[in-house]
Amino acid sequence: MSNVPTIDRASRWKAIRTEVGRAVGALAIALAVAFVVVLLTSKSPFEALNVLLTQIPARPRTIGLWLDDVAKLTITGLAFSLVFQARQFSMGVQGQVYVGGLAATWVALSPLGTTWAAIPLGMAAAMLAGAIWGFIPGIAKAKLGANEIVSSLMLNYIAIELCNYLVRAVLPKPQAGVLTTNDFPDTAVIPQLIKFDGLNITRLDYGFVFAIVAVIVVWFALYRTSWGLKLRLVGHNPRFAEYSGIKSTFIMVSAMTAAGALGGLLGSMFVQGQGYGKLTVLFEGNLAFEGILVAIVARSRPLAVPVVALFYGYLRQGAQLMNIRTDVPAEVIGVVTAIIILLVSSSFSINFIKRLFRRHAAPAATATVPAGSAAK
Amino acid sequence: MALLEAIGIGKTYPGGVVANDGVNLVIQPGEVHAVVGENGAGKSTLMKILFGLEQPNAGTLLLDGKSVHFAGPREAIEAGIGMVFQHFSLVPSFTVYENVVMGSEPRAGIRLDRRKAIAEVQALSDRFRLKVDPLPPVRSLPVGQQQRVEILKSLYRNARILILDEPTAVLAPQEVQELFVAIRSLVAQGKTVIFIAHKLPEVLEISDRITVMRQGKTVGSVKTSDVTEQSLAAMMVGREVSLRVDRKPTDQSQRVASVKGLRVVNARGTEVVAGLDLNVHAGEIVGLVGVEGNGQAETLEAIAGLRSIAGGEIEIASQSATGLSVLERRGLGLASIPEDRIAEGLATGASVAENLVATRLNDTRYVRNGLLDLKAIKANAQKLIERFSIRVGGPGYAVGTLSGGNMQKVVVARELSEQPKLLLVNQPTRGVDLGATQFIWRTITDARDAGTAVLLSSADLSELLALSDRLLVFYRGKIVAAFVNSPDLTPETLGTYMLGLSTQTPAEMQVALK
Amino acid sequence: MTELFFTVFSAAFFVTIIRTSTPLLLSTMGGLVADLSGALNVALEGMMLTGALTAVLVSVYAPWYVAVLAGMSAGAMLGLIMAFFAFRMRADIILVGFAINILAAGGTVFALSLATGGDKGTSINLPSKAVPAVDLSFLSGIPVVGPFLTSILSGHSVLSWFAAFVVFAVWYFLYRTPWGLWLRGVGEYPAAPEAAGIPVNLVRTLSLAVSGALAGIGGAQLAMFNYVGFTRDMTAGRGFIALGAVLLGARHPVGALCAALLFGAFEALAVVMPGIFDDAPAELIRAIPFVVTILALILFSIRAQRALALRGAK
């Protein structure tokens with residue numbers, strides 16, 4: 001069967017083409033809707049659109065902001081990809097980011113913060129905290145069958161309130177009344193990535209490198225290790241996995257824990273990164289949930305995540321620029337994000353449009369009644 | 001004039017599958033009409049069309065001589081057609097009367113009139129001899145009674161025509177007789193019954209006329225009094241069906257697995273396996289006979305390690321297996337073909353190669369130090385695809401793209417690729433076309449001939465009689481009879497024990513229990 | 001400590017609980033209806049938020065009841081959109097829910113900014129209206145209990161009384177009407193009502209619309225009585241607490257009512273405590289409903305598991 005490899009590759013390219021087509025199609029529609037909104041509400045819609053789409057590469061500073069966002073979006077996209085591959089709906093990345101940030105802060109503001117170990121230890125502590133935060137819904141689901149959507153959502157808000165409380169009342173702050181901690185010592189802040197004479201991009205730091213490393217690690221884990229294969233099999237069919245002797249509970253828990261570690265890492269990237277260098281309330285700004293978009297457009301494939309993050313991060317920063325320079329608020333990106341998620345998760349395609357207009361809608365999403373079929 | 005007529009019905013599903021092609025059906029009022037054909041013949045599609053669950057691409061339906069078209073079940077129900085599916089549509093926590101009246105409830109203003117509902121259901125139950133108490137929640141009822149609730153649903157809506165889809169699949173022969181009494185009562189009171197079936201003896205007993213379908217077409221329509229089982233089977237398959245598989249003589253002295261005093265309790269707290277002993281030896285096929293739900297499936301699951309046991313011991317390859325995990329038991333040489341390949345036997349979204357290696361992830365040929373050897377995995381897949389004639393584009397294709405028979409071949413290939421010591425098989429050819437069925441029967445027999453010990457559970461008595469060396473009859477979680485297979489052993493004899501109508505004495509069972 | 005005791009067991013605190021619980025209760029009832037029909041609505045948060053903003057903006061130009069209706073309609077509309085993508089387009093309902101939340105979070109700030117001419121934080125510069133309180137002070141005329149009755153019953157928002165009615169209405173609907181039977185059947189075992197010709201997707205769509213409508217009214221109450229005016233992200237997780245209340249209340253209207261009141265009590269505590277104790281960790285008190293929900297979730301799961309284990313099953 002010597003033609004087998006080419007058939008594989010051919011089918012894979014076809015799949016990629018379909019996926020990219022789908023993503024681009026969804027993006028086009030979302031942007032079109034956004035454009036209509038902008039057209040109706042802005043005094044200079046075309047200028048706004050121009051800023052949104054073209055002004056990012058104009059200056060090193062904006063490029064830095066963009067790539068910094070890409071790094072962060074990649075991490076949260078990877079986290080969601082891991083849990084989605086295991087078919088779990090743990091939505092707790094946001095909470096993991098906050099507890100990760102707290103753990104990193106604790107290291108940074110401690111005596112260890114002034115040593116060389118501040119960054120690696122801070123990251124490790126953050127990943128550990130995030131892993132624990134991911135572990136809790138995982139073990140509750142695995143051992144008790146407790147709904148991981150609810151438990152992870154609750155943990156998000158617990159983490160946020162915990163962070164709010166600690167910043168307001170416990171952690172050292174520069175003056176009373178502000179909702180931020182002291183600045184971290186320089187040794188605890190991740191250094192800038194690009195800082196030469198003539199090219200000083202301030203916001204971009206080594207977090208970008210961590211993101212690339214994370215992509216490779218997650219890809220390798222999912223596709224080259226038996227843990228990854230087990231995880232994907234559990235995601236495809238948990239009963240089959242059990243029948244094959246795969247310990248579904250362990251896999252589910254470890255997937256959510258690993259994703260939690262990624263979330264925690266993101267928290268460290270935030271607070272120890274060039275953008276902050278301290279802990280502030282609500283520092284994450286709902287970025288974690290945008291990982292959902294990245295993950296589903298990338299079909300939970302680790303190698304596709306950074307590509308999607310690149311494009312989406314561009315739009316995101318574009319919206320910020322548009323907000324500063326024109327009269328269109330950045331929040332219009334929320335419309336774009338939502339539409340993309342809705343379309344892509346509907347397995348949007350040309351067939352979809354046909355289905356939309358077919359008069360006879362398919363029977364409800366129920367167990368189709370199998371008259372005389374193989375079902376028990 | 002015919003009550004219901006289907007003329008030239010055609011249905012092609014998106015994807016190209018032609019389920020019905022020029023199908024004709026004529027139902028006379030007041031008759032019991034059986035529609036027979038093997039899996040994939042198109043019976044279920046035709047019934048779905050009659051009931052409005054599917055729309056035909058071609059042809060017409062005539063009811064009382066007038067052309068009708070059902071856009072959905074609601075319209076079919078209003079026209080007087082009721083359908084009882086194999087898989088019941090009953091809300092478990094609702095009471096019997098709530099299930100019966102749901103959708104057409106008696107009302108007092110906006111309020112649901114419960115008293116009236118109970119009374120009406122009780123009245124129907126009495127009138128048609130379908131004894132069931134309206135008050136308890138449906139999940140607490142045994143299967144035979146749940147089926148009665150389903151029939152009452154149709155009668156409540158004044159169905160004139162009742163379509164029963166393989167109603168006897170989950171009933172014991174005694175319950176089947178009760179059902180037949182009810183059907184005769186329905187017919188006597190003016191109803192018409194369409195009866196879809198696989199089991200030819202029953203078809204010959206209850207029906208007045210039979211329509212045979214094969215590969216989406218109608219082969220013919222006959223009066224029951226004019227045919228025999230063999231000629232019916234020939235019409236269904238197109239050739240004489242050989243009902244025994246040739247087996248080589250083997251040395252069956254070496255015991256491969258044994259079970260002592262096995263007790264299994266299900267999720268509802270009922271004991272489904274109540275102190276069972278059995279042995280299986282190398283080179284033999286032991287058939288587990290019984291109506292579904294008498295403990296056969298649970299016994300196999302317990303041996304495989306998929307179900308925890310409440311008591312007893314299991315031994316595999318002379319080692320105590322009672323505490324071992326599934327993977328460890330597979331390491332002892334256990335393989336198993338599950339009842340529902342899509343739900344339990346395969347990951348349809350994963351590739352054929354991944355499926356073929358899924359049970360061997362602790363085998364150092366494919367996994368070392370936690371890392372996958374992709375080349376070895378792919379080579380293994382290619383080898384098995386050839387050996388088992390699996391029709392697929394390549395090892396990288398998703399299993400979900402395969403046909404039912406080929407999917408089952410993937411399962412069989414995976415389980416039989418390394419000669420297992422003990423093979424557990426549950427419903428191996430359910431939903432599989434005849435060609436693949438023959439192949440799978442051959443494969444299992446070949447494994448047995450080469451020394452594998454096989455435990456086979458099947459709802460199909462003819463399959464059990466064709467393949468087994470010994471037969472153990474299950475009833476209520478115990479073995480009540482044991483036979484060495486011979487041409488004299490008939491389904492009727494087995495049937496008597498399957499319902500607990502008699503039990504063999506320990507002495508009688510001794511020989512066949514080994 | 002005694003000051004806390006007297007504060008908590010005062011009529012004024014009871015009134016505060018009713019006030020804080022009302023938006024939560026309305027959303028909880030919405031979540032209950034959706035959940036029982038088999039469509040888990042994680043977008044309650046976004047629906048409340050959208051309802052709040054819509055109500056505030058409309059109230060600038062119209063009477064309060066029109067504003068409330070507008071809020072309700074906005075929520076219902078989001079429910080219909082959710083249903084469209086989840087059922088017609090077969091998208092996963094959880095993802096659709098989060099998309100709605102993201103849309104609401106961004107969309108409300110966007111609309112706010114437009115309406116206020118640039119203020120993205122609050123609508124404080126807009127003359128939005130409030131929902132009137134129901135004055136029952138005539139009750140003071142009743143001998144002996146009069147003043148007590150007045151203190152605990154008078155002054156609640158119109159919508160609070162409406163919410164109480166909603167609880168009864170939902171209960172009656174679910175357990176006394178045929179359509180409630182349909183809805184519960186659809187949620188528990190959709191194949192059965194489908195075989196009976198009941199339009200499963202329509203039932204779920206309507207339940208999501210109702211769910212959104214109730215959440216929208218809850219948002220209106222939030223921005224027209226609890227606070228007057230809209231602030232960005234003002235729902236602060238109430239939509240998710242509502243899901244917790246549905247769970248804690250064992251998915252029954254009366255249970256959900258009790259759970260919503262309990263959670264409302266914690267929110268009230270979080271408001272009151274910092275006044276009494278300087279260093280009260282208000283944030284941690286606000287986190288208690290979330291913790292309680294997780295504990296309830298775990299407890300219910302343990303109970304279900306233990307029931308299975310007692311029978312020695314898998």
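Predicted model: local features only at pLDDT ≥ 70, side-chain atom pairs only at ≥ 80, totals over all residues.
Student: How is β15(B) paired with β22(B), and over how many bridges?

Tutor: β15(B) and β22(B) run in the parallel sense and are joined over 4 bridges, with B:Gly287 standing opposite B:Leu456 of β22(B). Strand β15 (residues 285-289) of chain B also pairs in the parallel sense with strand β23 (residues 470-475) of chain B, over 4 bridges. In β23(B), B:Leu472 is the bridge partner of B:Leu288, while B:Val473 is the bridge partner of B:Val289.

Student: Which residues of β15(B) lie on one side and which on the other?

Tutor: B:Ile285, B:Gly287 and B:Val289 are on one side, B:Val286 and B:Leu288 are on the other, and all of them are buried, which leaves both faces covered.

Student: How should I read the sides of a helix, and which residues of α15(B) are buried?

Tutor: The general idea is that an α-helix has 3.6 residues a turn, so residues three or four places apart point the same way. In this structure, the buried residues of α15(B) are B:Ala436, B:Ile440, B:Ile444, B:Ala447 and B:Arg448. They lie on the same side of α15(B) because they cover an arc of only 115 degrees around the axis. The face turned away from that buried side carries the exposed residues B:Gly435 and B:Arg442.

Student: What covers the buried residues of α15(B)?

Tutor: The cover includes β15, β21 and β22 of chain B, together with the helices α14 (404-416) and α16 (461-467) of chain B.

Student: How can I compare the span that α15(B) should have with the distance between its end C-alpha atoms?

Tutor: At 1.5 Å a residue, the 16 residues of α15(B) should span 22 Å, and this agrees with the end C-alpha atoms, which are 22 Å apart. After α15(B) comes B:Gly451, whose phi is positive, near 115 degrees.

Student: Which residue other than glycine has a positive phi near 50 degrees, and where is its place?

Tutor: B:Gln427 has that phi, near 50 degrees, and its place is in the loop between β21 and α15 of chain B. B:Gln427 counts as buried because 23 other C-beta atoms lie within 10 Å, the cut-off being 20 or more. In chain A, A:Ser300 has a positive phi of about 60 degrees although it is not a glycine, and A:Ser300 sits in the loop between α11 (287-297) and α12 (305-325) of chain A.

Student: How many residues does the contact take from chain B and from chain A?

Tutor: The contact takes 43 residues from chain B and 29 residues from chain A. On the side of chain B that touches chain A, the largest share, 4 residues, comes from α1(B). By class, that side of chain B has 18 nonpolar, 15 polar and 10 charged residues.

Key:
Residues numbered from 1 in each chain as written. Chains lettered and ligands numbered in written order. Contact = placed C-beta atoms within 7 Å. Helix = DSSP H or I, 4+ residues; strand = E, 2+ residues; numbered from the N terminus. Nonpolar A, V, L, I, M, F, W, Y, C, P; charged D, E, K, R; others polar. Pairing = 2+ DSSP bridges. Buried ≥ 20, exposed ≤ 12 C-beta atoms within 10 Å, placed from the backbone. Expected span 1.5 Å × (residues − 1). Arc of directions from axis to C-beta.
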